[in-house]
Amino acid sequence: MGMSEFYGSHDDAQSIDTIRHALDLGVNFLDTADMYGPFTNEQLVGRAIRGRRDEVVVATKFGNERNPDGSWVGINGRPAYVRAACDGSLQRLGVDHIDLYYQHRVDAKTPIEDTVGAMADLVRAGKVRHIGLSEAAPRTIRRAHAVHPITALQTEYSLWSREPEEEILPTTRDLGIGFVAYSPIGRGFLSGRIKSVDDLERDDYRRSNPRFQGANFQRNLDLVARIEELAREKGVTPAQLAIAWVLAQGGEIVPIPGSRRAEHLEENAAAVDIILSEDDLARIGAAAPVGAAEGDRYPDMSRVNL
């Protein structure tokens, strides 16, 4: 996402080099969405994997509808839109099928059965291999799974967003659904590199995120300080500790940290080799318990967990 929008300036050539370096390191799962850019991130990923398609699982998402100028249209899960969005993504990515196709946000105005039914048609047509949901509530997940097997649920999950542990993770585990954890480093906050809102570029959307504002920002810095201390004791970076913690929560959980630069990519990828003991996990959990972060995850929470 950050390679094309939302996190300030970006460099396509650097981003393509970073993606290709990820493949060289053995990273084989790339997650994008049509709304990133909008549309340009899928094109970027397509350019980066050209000639290496067989090395990567390509995931993309539909449902957050935007105009080419970036203006917001709305959340759309209507069957006709599902089909059109998929064709657009296939063309931009330059692939003949999408390995994992998610509904980015649940459309409250369209029955989930209708949306997933259209996604199932894409599987039967060979355009999509597997389907997923993002930010869906347990009841929605079960209704969707009854129409067609849901392979993965993507939801924010990290040391400062542990809410999925209450109901969502038990639901996906009960149904045998994989869990893709986005923002495992808390939109970069848990890396310890953001000490002031002035560390963010003027057009960085995190400036509007409640957790990055005012008193919430200062209280969340206290949380990061605890993570930094534990990381120092372990001899790893705070970002690596945050990713390793997510990985330790279950073999079906896949964190997807966003890395625009090769050095951060290498740092994040190295987290797979970090072994956390039961004592480590207990101490980390005590330092960042459920509800530890101050502020909502989004300015408008009405579009998530539906």
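This is a predicted model: local features need pLDDT of at least 70, side-chain atom pairs count only at pLDDT 80 or more; totals for chains, interfaces and linings use all residues.
**View A. The salt bridge between Arg-52 and Glu-55.** Glu-55 has a relative accessible area of 38%, and therefore counts as partly exposed. Its partner is Arg-52, with which Glu-55 forms a salt bridge whose closest N and O atoms are 2.9 Å apart. This pair belongs to a structure that holds 24 salt bridges.

**View B. The salt bridge between Lys-127 and Asp-87.** The side chains of these two residues, Lys-127 and Asp-87, meet with an N to O distance of 2.8 Å. Because Lys-127 lies in the loop between α4 (112-124) and β6 (128-134), whereas Asp-87 lies in helix α3 (residues 79-93), the pair ties together parts that are 40 residues apart in sequence. Lys-127 is partly exposed, its relative accessible area being 29%, and Asp-87, at 36% relative accessibility, is likewise counted as partly exposed.

View C. Arg-297 and Glu-135 meet through their side chains in a salt bridge of 2.7 Å, taken from N to O. Since Arg-297 is placed in the segment after α10 (278-287) and Glu-135 in the loop between β6 and α5 (138-147), this pair ties together parts that are 162 residues apart in sequence. Both Arg-297 and Glu-135 are buried. Through salt bridges that share partners, Glu-135 and Arg-297 are joined with Glu-156 and Arg-187 into one network.

**View D. The crossing of helices α1 and α2.** Helix α1 (residues 12-25) and helix α2 (residues 40-49) have axes that come within 9 Å of each other and cross at roughly 55°. With that angle, α1 is oblique to α2. The crossing in which α1 passes α2 is right-handed. On the side of α1 the contact is made by Asp-12, Ser-15, Ile-16, Ile-19 and Arg-20, and on the side of α2 by Leu-44, Val-45, Arg-47 and Ala-48. Sorted by class, the residues in the contact of α1 with α2 comprise 5 nonpolar, 1 polar and 3 charged.

View E. Leu-30 has its place in strand β1, which spans residues 29-31, and, because its relative accessibility is 12%, Leu-30 counts as buried. When residues up to four places away in sequence are not counted, Leu-30 touches Ile-19, Val-45, Ile-49, Val-56, Val-57, Val-58 and Ala-59. Of these contacts, Ile-19 and Val-45 also take part in the contact between α1 and α2. Val-56, another of the residues touched by Leu-30, is 26 residues away from Leu-30 in sequence, while their C-alpha atoms are 7.1 Å apart in space.

View F. His-130 is found in strand β6 and is partly exposed, with a relative accessible area of 40%. Leaving aside residues up to four places away in sequence, the residues that His-130 touches are Asp-99, Leu-100, Tyr-101 and Thr-151. The C-alpha atoms of His-130 and Tyr-102 are separated by 8.7 Å, although these two residues are 28 residues apart along the chain.

Technical notes:
Residues are numbered from 1 along each chain as its sequence is written. Side-chain values use heavy atoms; hydrogens and water are left out. Helices (H or I, at least four residues) and strands (E, at least two) are DSSP runs, numbered from the N terminus. Buried means under 20% relative accessible area, exposed over 50%, partly exposed in between (1.4 Å probe, protein chains only). Contact means heavy atoms within 4.5 Å. A salt bridge is a side-chain nitrogen of Lys or Arg within 4 Å of a carboxyl oxygen of Asp or Glu. Axes are lines fitted to C-alpha atoms, for helices over the stretch in contact, and angles run from 0 to 180 degrees between N-to-C directions. Angles under 35 degrees count as roughly parallel, over 145 as roughly antiparallel, 65 to 115 as roughly perpendicular and the rest as oblique. A crossing is left-handed if the near helix is turned anticlockwise from the far one by less than a right angle, and right-handed if clockwise. Ala, Val, Leu, Ile, Met, Phe, Trp, Tyr, Cys and Pro count as nonpolar, Asp, Glu, Lys and Arg as charged, and the others, Gly among them, as polar.
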